[in-house]
Every structure is written in structure tokens, then in C-alpha cells.
Amino acid sequence: MTGKIVLKGVRKAFGEHVIIPSIDLEINEGEFVVFVGPSGCGKSTLLRLIAGLEDATAGKIEIDSVDISDVPPARRGLSMVFQSYALYPHMSVRGNIGFGLRMAGESKEVIRQKVEKAAAVLNLTAYLDRKPRQLSGGQRQRVAIGRAIVREPKAFLFDEPLSNLDAALRVQMRLEIAQLHESLSTTMIYVTHDQVEAMTLADKIVVLNSGTIEQVGTPLELYHHPVNLFVAGFIGSPKMNFFETEVVAAGSDGVTVALPGGQAVTVPVLPDGAAPGGKVTLGVRPEHLRPAEAGELAGDVVVVERLGGDTFLYLRLPGQPLVVAQAEGSDPTRVRDHVHVRIDPATCHLFDAKGRSLPHRQRHALVQSFRPTDQAAKHWP
Amino acid sequence: MARAVSVRRLTLMTAAAWLVGFLIFFPILWMILTSFKTELEAFSTPPKFLFFHWTLENFGIVQQRSNYLKFAGNSIILSVGSTIVGILFGVPAAWAMAFSPSKRTKDVLLWMLSTKMMPPVGALIPIYLLFRDSGLLDSRIGLIGVEFLINLPIIIWMLFTYFKEIPGEILEASRMDGATPWREIVYVLAPMAVPGVASTLLLNVILAWNEAFWTLNLTTTAAAPLTAFIASYSSPEGLFWAKLSAASTMAIAPIMVLGWFSQRQLVRGLTFGAVK
């Protein structure tokens, strides 16, 4: 199998304006890697550097141990799916899917067979002779994917492929892309700003922020063991709640921090330099804040969001931004109620003054079973 | 859904639209009608609209007096020639500005348009002297050069807006699909650019066909196109309305036929970019 991509000290700058200072990354054969981050974080630029549509200012890009930094995109053996589909408007679906093969000088018969095979996989057989403008958004995206797969590339590059689709179609296409990866087991690099897409599709997520890698890891690793405040805040929906607080005690069983309202919680993390009186940030995900008869936190409900299966309660605590807690769908709480919420210390995160996370004493059970890749381990503090 | 429009309102608006359309078309209609009248009837007061003695004699006299086909031939050579040269220069220029713009691209475009803001007569004397000294007066080559230059800004602007509409991602997709730069142009860019180039071509032929200022000032007989042919009926022995009309009708007929058959292409070209 082929498709191992290695980035060594890759830098991209437009004149004075530095987009990517320097990135080292290893993408293994057959891996599904998702680049995720807020807009303008450099994730699309990174993908375009790998594709060869942009030239790196410095550094090396290797595919299967061959330096391809100076190879034009056409000869890198990669396929790309664009956000805008970028179909050739004057060609039929057949022409679009077969274009790459035609450029490669394949015989008409071979092109016909491969195009028809791809069309069958993607449910496009009935539309082969239509023009792109006669297709719906989902069908157009499938044509773009078909165009990518017939070339049997070493790796697929997806640049926010689902952003132009409506919500229902996005979920369906997400499934189709996951199945495609399952059946082809080709390396895939996928750029998105949607963390649900990242979590559901990826073997490995690369979280980017202003051109640098914040963390590389499996979805659950990022969820349970974010290395810093940025990753903690970015992964998970609704966002993790943060409380700025102080260390009360640091010992062998963990670090105890003060909670708004006077109580305290002992989080089972390694102190890593945290001493009583030190400033830290406590992070708790909404799903780990559960309403209870008595709990460590209490506040007035400002907004209630009922999703049916779950209910999100937005609480006003003295001197804090709104805190989100997740309750059962059947929870009867209403706006202006006074609610207590429970914190499970094991699910809390602590971040030092620089925003780095204090490592948990124990890795989460599911994360252990997903062996973190060497790359992820390197980024693990 | 469209707004409900009452029948009364619709009738009124339709009538108004026809009236405006008729007013705009009237001078041309009058010209065509006059070309079928005798000189006397052409002057008659009150003017006769449809009930006059229809005659073809004006066309005969016009053809006898001056060789229509020679002027028409010049018109064709001039308009087609200047358009071809214009496209040859305009396509690469617009292409470069649309696909690899620099900081100054916008300034260059505006500068080109600004040359159309000056009245042509402002450049008449220098150009006349240049033509005289290089022996280009009354030559087709010289006139093609002038017509090409005065329409070049419009050609480049039209092509530029057209090329701008071609999404860069499609070109990138073809690059990812393994197309070399040359094949990218042949298989992807050119087919998408053809409609734009075609409508630019058509519009420019029409503009060059009707251009009168330079053709009248820089030609006498040898290179004179149909605009000069019309003008020759307005001065020397007084105004001959019926013959002038006949000459004008003969002059505009070919271009009107061309415009009529290509109107879909033209409208699409002119409104391109405004509506997607």
C-alpha cells in the first residue's frame, strides 16, 4: 500500500505575511486524517501545499519517501475534491469523471469501463450523459468524488467538501465518504471547520490554529485529553465550560481548586508545577455537568434549549460567563429556576496559566484501546 | 411567486412599452420608408406615411452613382479585420489580467477605459498628421489599425469580465486531474471562454461597422466604407432625402441582419456578469 505523506518544516508565507510558520507532520498509509480549525487557521493552505497548488516557502513534502516539493500537482498522484465541486461545466458527467484518465492517455474502452464502474459505486449511472448544471448539489459532489476515485490516486484531498450542502445531505455524504474510505483504504486528508465531521470521520485529527499544530491525535484522545485550552474549547459541542480559579491544594491524589460558590473540587491530575495560590483554568464539558438535588455549583437558569433527546441549561453563576449543563430530554427545568449541578472530578480538566493542560493521572479507557500513533505521542507533553 | 398584476395595469404597461419601442424604432422605420419614396414625396408636407407611390428607383440611382459593393467590401474588411486584430491582442491581455492579476491590474483597466473618455476629435490632428506622413491616408491597413485601437479597451473589458467569471478552482481541478498547462487551455479554458469571445467579436464587428468619425476623416475613396458612402449623399449638391435614405438602408441592412441572427449571443454577452 502507498500513500504515506510526510511534511518536514513546511513553511508558507506571502511576503511578510506568514500563514504557516513551520509544520512537521506524518500521515500514514491508508489513514483518514482531518485538518480542523477555525477559519483562517491555515488548514486549506496546508492542503493546497500538499496538492501542489501552492508552493511551500521552505521545507519538504514527501510522498512515499520521495520529495515532491518541486513536482507539479499533475504528477503528484493525488486527487482533490473542492468545496465548490469545480466540475467542468461544458462536459457531461461522463466527461468530467473520465477527464483525468483522458489526460493520462488511457484508451477509450478503459475510460468507459472505469467511469461506469465509478458511476455505479456513486449511484450516478442514470446521470452519466447530463451536464453538471442539470444535477443537484449532492449529485455534483458525487461527480467530483467520482472524478477523484477513477484516477486511483495515492491519496485523496478533500477541501471542505460538504460545506455547500444542506444539513441532511451533509450527514448522508459524510456516511458515504466514510464508506468510501472503508472500501478503498486509501490515504485521505480532509479539511473542515466542522468538528462533528472531524470527530466522526477521522482516524487522526490535526487541530490547527494560526498556522501551527495545536494537537494531533485520535478523536477520543482530543476529546478526553486536550493538551491545551484551544483544543479543549474547539472540540466538543456545546463548548467546554471554563472557570478561572486558584489552586487550593496540590497532592498525590490530584489538584484541588476552588469553585465559584465556595466549594472545591479535586481533579485527578499530576500537579506539574501547580502550587497552592497559582492561577489555573478549570474546564468541564456540558455533558459532565449534570443537574442534581445537591451539587458543587448552583445558579439561575437563563435559557433552556430542548433538543428532544437532551436539554441544555444555560446557568448564570455569580461573576462567571454563562455555564452550560446537559440534562435529560425529559428534564422539567424552566427559565428562572435555581438549579444545582454536580461535577464528576474525573472528567474535569485543568489548565495552567499558559493554557497548557495538566496531564491526567490515568488515560481514558477508550483512548488507551485506540493506540495513539507515534506522531500523536510526539505531541503529547 | 410573481406579484398579481391586474389586467388593466398589464394592458396599460404593455401599451406603454409598445409606444416607447415604436418611438425608438421610428427614425429607422421612417428612413426605410423614405428610401422607397420619390424625392418629391420625401419632402411633402404633411408627410405621407404609408400611402405614397412605392418605388425602387432610389436604390438604382444610388448603385449607379456610386459602387455600393466596393464600399460594403471595405466595411467588411474594416470591421472584421479590426475585430480579428483586436481579439488577437485582447484575449492574451484580458487573460493575463483575469488569471494572474497584479497590484496594478485595476489601474491598467481604468486607464484603458479612460482613453474612451476623451472625445476622438482631440486626437484627430496628431493621428491625421501621422497618417499623412506615413502614407496611410485612405488605406485599409491604416484604418484597420485605428479601428482596432479605439475598440481595444472595450474588447479587453468585455473579455476580462468574461474570463473573471471562470472559477479558478476549475482550473486547479484540471491541474489535479493531470492536465498540462497547454491541455488546460485547450480542454478546459477555451471551451468555457468561447461564448465570451464570440459575443465580444460580434459586438466589435457592429461597433467597427458603424464607426463614422475616423472613417470619414481618414478616407476619401479607396478605403472608404459604408459610413462614407452614406455621408456622400448629404452635402455636395444639397440634400437628397430619398437617396440618402436608400443609401443608409443599404448600409445598415447587412449589420442589422447579422445582429438579428446573433441577438441571443449578443444579449448573453452584454449582460454576462450582471446576472449569473
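This briefing walks through two chains, how they touch, and one residue worth a visit. The model is predicted, so local features need pLDDT of at least 70 and side-chain atom pairs count only at pLDDT 80 or more, while totals for chains, interfaces and linings use all residues. Residues are numbered from 1 along each chain as its sequence is written, and chains are lettered from A and ligands numbered from 1 in the order in which they are written.

**Chain A and its domains**

- Chain A is assigned domain 1 (5-229) and domain 2 (239-362), with bounds that come from an automatic or database domain assignment.
- The centres of these two domains of chain A, taken over C-alpha atoms, are 38 Å apart.
- Five residues of domain 1 of chain A are in contact with seven residues of domain 2 of chain A; contact here means that the C-beta atoms of two residues, placed from the backbone, lie within 7 Å.
- On the domain 1 side, that meeting place has three nonpolar, two polar and no charged residues (Ala, Val, Leu, Ile, Met, Phe, Trp, Tyr, Cys and Pro count as nonpolar, Asp, Glu, Lys and Arg as charged, and the others, Gly among them, as polar).

**Chain B as a whole**

- Chain B has 13 helices and zero strands; helices (H or I, at least four residues) and strands (E, at least two) are DSSP runs, numbered from the N terminus.
- The C-alpha trace of chain B spans about 75 × 70 × 30 Å along its principal axes.
- Its radius of gyration is 23 Å, whereas a compact globule of 276 residues would have one near 19 Å; the radius is taken over C-alpha atoms, and the globule rule is 2.2 Å times the number of residues to the power 0.38.
- In chain B, 31% of the 276 residues count as buried (20 or more other C-beta atoms within 10 Å of a residue's own; exposed is 12 or fewer, partly exposed in between, with C-beta atoms placed from the backbone).
- Of the contacts in chain B between residues at least 6 apart in sequence, 77% join residues at least 24 apart.

**Where chains A and B meet**

- Chain A brings 18 residues to the contact and chain B brings 15.
- On the chain A side, β6 (78-81) and α2 (93-103) each supply at least two residues.
- That side of chain A divides into 13 nonpolar, four polar and one charged.

- You will find B:Trp30 in helix α1 (residues 7-34) of chain B.
- B:Trp30 is partly exposed because 13 other C-beta atoms lie within 10 Å.
- B:Phe49 is 19 residues away from B:Trp30 in sequence, and 8.3 Å separate the two in space, C-alpha to C-alpha.
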